[in-house]
2 protein chains.
Amino acid sequence: MEDNNNKIRIALDAMGGNFAPLNEIEGAVLAYKEKSEILDITLVGEGKLIEQHLKKIGFINNFNIIDAEDIVTMEDSPSDSYKNKPKSSMRIGLELQSNGKSDAFVSAGNTGAVLANSTLSLGKIEGISRPTIGTPMPSLKGGYSMLFDVGASVDCKSRHLFEFAVMGSVYMNYVLNIPNPRVGLLNIGEEENKGNEVTVKAYEILKNSKINFIGNVEGDDILCGKVDVAVCDGYTGNIVLKFAESVIEILKYKFKEYASRNLKNKIWIGMFRNTLRKILKEFDYQNYGGVPLLGVNGVAIIGHGKSTSFAIKNMIFRAVDMVKKNVNNKIKTEINSYLNNNK
Amino acid sequence: MEDNNNKIRIALDAMGGNFAPLNEIEGAVLAYKEKSEILDITLVGEGKLIEQHLKKIGFINNFNIIDAEDIVTMEDSPSDSYKNKPKSSMRIGLELQSNGKSDAFVSAGNTGAVLANSTLSLGKIEGISRPTIGTPMPSLKGGYSMLFDVGASVDCKSRHLFEFAVMGSVYMNYVLNIPNPRVGLLNIGEEENKGNEVTVKAYEILKNSKINFIGNVEGDDILCGKVDVAVCDGYTGNIVLKFAESVIEILKYKFKEYASRNLKNKIWIGMFRNTLRKILKEFDYQNYGGVPLLGVNGVAIIGHGKSTSFAIKNMIFRAVDMVKKNVNNKIKTEINSYLNNNK
C-alpha cells in the first residue's frame, strides 16, 4: 500500500450485495481509478476470493484485504445477526471504525442487519435516540428530495420524527448542497391539526424549531418538488418506498406486455425504447448509489442488494462526502442546540 | 315520475364535485338512459338550477329534485360541516336515507365531509367501530385490488385493521365478484413479527379469523396482483394513494417536458401519445367511478372532486350494486360471527 496520510479510510463489506464479491470489488476499483489520491479502501470478506480476483484484474496492490469468515445473508434476522455472526464481514467492517482504524463503512447487504450492526458497533450520536435511513425521491423540478424514515424506526413518537427532520436537514444541506432545505411533515392534509396523534405533536415541535419547516405535506407532494426533506415514521416510509420502486417495474412490464400483443406494437415500443429509458432513468436508484444511515456515531452507507459496481462506486463516494463534511458533528450541534433551548 | 316500485332510490348530491351541478346532472342522465327500469334518482341541490338544466336537455320528467340551500365546499372542515350546514345538499341527501326515503347516497364532494355526514346521519353497522374508505389499485395481472383504509381512520388500533379486512373482504367478494379474496396486511416485511405494535397484534387477530388472510405484504405487493385486499391505517393508506395518483401525473409531465425540448422529441412523443394513453388508462380513477364508504349503516359512494359525468354514472351504478347485494348485512354477519367466537 502507498502512503495513506490524509486519505479517507473506507471499509467495504465485500460480501454484502446479491452479486458479491464481484460487484463490490469492481466498484472499489472504479472508485479507486477515479480518486486514488484520497481513497484507502479495505475489502472485508472472503480473503482468498477477493485476493484472487484482485490479482486477476491487476489491482492487488491497491487495496487492503481483511478476512472475515462469516456472511450476513439477506435471510438473517437483523437483530440476531450481530450476536450470532461476530465474524461476519459486516461486523468486522464496522468494528474497524469503532476501533479507529477506518472512517466509514459501506455495504449492499441486508439493510436491517447493517442498521442493527452499525447501531451496536458504533453507538448513537449524543442526543439522537433513533437512527434513520433516508431514500432519494426524484423531483419534478429536477434533482432529488429525501424521504426519512424508510424503515429504521417503525414505532415512532413525535420526538423521533423531529430527530429525522434534523438529520435529514443536515444531510441535505451539507452532503447534497441544498442550503436551508425545506422540511415537510408527511400527512393527510395541510392544516396544522391534521393527521394522527404523533404527527400533530411533531408539527408543534417542528414549528418551534430552527428547522426550515414548511408544514404538513401530502403524498402527492413528495415527487412534485415542494419539499427537500419529507418526514414520516418508518412503517409508512418503507411502504411508500417499496410502492414507488414497484411502479416503475410495473410500467416497464406494461410496456413489454403491450409490445408482445402484436408485431405493430412491438415495432412501436421498440422505436420508443430509448426515449422511455431516458425518461424513467431518473427513477433509477443506481444513479444515486446508496443511502446513509444517519444518527449512528460513525459513517455507514447502505446500498440496494442489486447494486451494480457503478452503484458501489457511488456509495464509496457518498461515504467520502459524509466523512469530509463531518455530518455527524453537525447533527450533534443541531440536535443539542434544540435540547438546550428546551431544557 | 313513473311507478317506482322495486326501483333503487338514489340520492345524488348535485352540488358535490368541482363541476357541479353540470357533471352530476349529466351523469344522472347517462345512468338513467342505461338503466331507467331500475333507477329512481333524486337530485339534491340548488333546485332552480337543476330544474333549468333538466328542462333544457329534456329530462325534467325523469328525476326527482329536492332543494337544498347550502353547499359543503372542499374548504369546509369535515367535522364541522354536519353541524354548521344542516341544510347542505350532502346532509339532506343523506337524511333521505336515514328517513327511509332513499336507498343510497352518491357524492363527488368533500371526502372528509361525506365521511362525517354519513357517519352522523346513518350511524355505524353493529360491530363496526370505524368506517373505512377503500381505493382501487390496478393490478399487474389485470383488474384491481383494493386498499383499505385511505384516510377515514388515521389513528388505528389492531381491532380497526381487522374491521377494515372484514369490510374489504365482503366488498371484494360481493360487489367486485372476487370469491374468497386474499387479504394482506401491509407491512415492512413478510415475517409474522414484523412491523409496528399495531400490525403485530392485527396479524394475530387476522390469522385466527375466517378471513382468507395471506399474511404480511409489502409496498411493492400492492400493484403486483398478490392480494385482493391490502389493509393498513388511514394515515399510511392516504399517503400511498396520493403518492400513486401523483406518479402518473409526474410521468405525463415528464413525457410532455421531453416533447417540449425539440421538434424531434415532439413528433416522437406525439406519435406515441395514443399508446401511452392506453397503457396509463388502467391507472385512471374515472373508469372506476367512486369508492364506497363502508361501515356506515347505509350506502354512501364517494367520488373524486374532478369526477366527469362518466364517473358520476359509474358511481350511481356502484351504489345500485351495493344496495342489490346487501353488502351491509353481510358485513354485519361476518363481524358478529367473529365477535361471538371471541366472547
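How many residues of chain A are in contact with residues of chain B? Here is a friendly walk through the answer and what surrounds it.

1. **Ground rules.** This is a predicted model, in which local features need pLDDT of at least 70, side-chain atom pairs count only at pLDDT 80 or more, and totals for chains, interfaces and linings use all residues. Residues are numbered from 1 along each chain as its sequence is written, while chains are lettered from A and ligands numbered from 1 in the order in which they are written.

2. **Where the chains meet.** To answer the opening question, 36 residues of chain A are in contact with 36 residues of chain B. Contact here is a matter of C-beta atoms, placed from the backbone, lying within 7 Å of each other. On the side of chain A that touches chain B, α8 (234-261) and α9 (263-280) of chain A each supply at least two residues. The most comes from α8(A), with 17 residues. Helices like these are DSSP runs of H or I with at least four residues, strands are runs of E with at least two, and both are numbered from the N terminus.

3. **What the touching side is made of.** Sorted by class, the side of chain A that touches chain B has 21 nonpolar, eight polar and seven charged residues. The classes work like this: Ala, Val, Leu, Ile, Met, Phe, Trp, Tyr, Cys and Pro count as nonpolar, Asp, Glu, Lys and Arg as charged, and the others, Gly among them, as polar.

4. **How the copies are related.** Chain A is superposed on chain B by a rotation of 180° with 0.0 Å of shift along the axis, and the RMSD is 0.1 Å. In chain A, A:Thr236 has the C-alpha nearest the axis, at 2.7 Å from it. Both copies use the same surface, as 100% of the contact residues of chain A recur in chain B. The superposition is by least squares on the C-alpha atoms of residues with pLDDT of at least 70 in both copies.

5. **The sheet of chain A.** Follow the order β3-β2-β1-β4-β11-β10-β5-β6-β9-β7-β8 in chain A and you trace an open sheet of eleven strands with mixed pairing. Two strands pair if DSSP finds at least two bridges between them. At the edges are β3 (64-67) and β8 (213-217) of chain A, each pairing on one side only. From one strand to the next, the twist averages 25°.

6. **A closer look at one end of that sheet order.** In chain A, β1 (residues 8-13) and β2 (residues 39-45) pair in the parallel sense over six bridges. One place to look is A:Ala11, whose bridge partner in β2(A) is A:Thr42. Helix α1 (residues 22-35) of chain A lies across β1 and β2 of chain A and runs at about 175° to β2(A). Angles such as this run from 0 to 180 degrees between N-to-C directions, and axes are lines fitted to C-alpha atoms, for helices over the stretch in contact. Elsewhere, helix α7 (residues 197-207) of chain A lies across β7 (183-186) and β8 of chain A, at about 165° to β7(A).

7. **Two helices in chain B.** Which way does α1(B) pass α10(B), in a left-handed or a right-handed crossing? The crossing is right-handed; by convention, that is when the near helix is turned clockwise from the far one by less than a right angle, and left-handed when anticlockwise. The axes of α1 (residues 22-35) and α10 (residues 309-324) of chain B come within 7 Å and cross at roughly 55°. That angle makes α1(B) oblique to α10(B). Under 35 degrees counts as roughly parallel, over 145 as roughly antiparallel, 65 to 115 as roughly perpendicular and the rest as oblique. Among the residues meeting here are B:Leu30 and B:Ala31 in α1(B), and B:Ile316 and B:Phe317 in α10(B).

8. Helices α6 (residues 158-175) and α11 (residues 327-341) of chain B have axes that come within 9 Å and cross at roughly 135°. This makes α6(B) oblique to α11(B). By class, their contact has nine nonpolar, no polar and three charged residues.

9. **Strands in chain B.** β7 (residues 183-186) and β9 (residues 229-231) of chain B pair in the parallel sense over three bridges. The bridge partner of B:Leu185 in β9(B) is B:Val231.

Conventions: Two residues are in contact if their C-beta atoms, placed from the backbone, lie within 7 Å.
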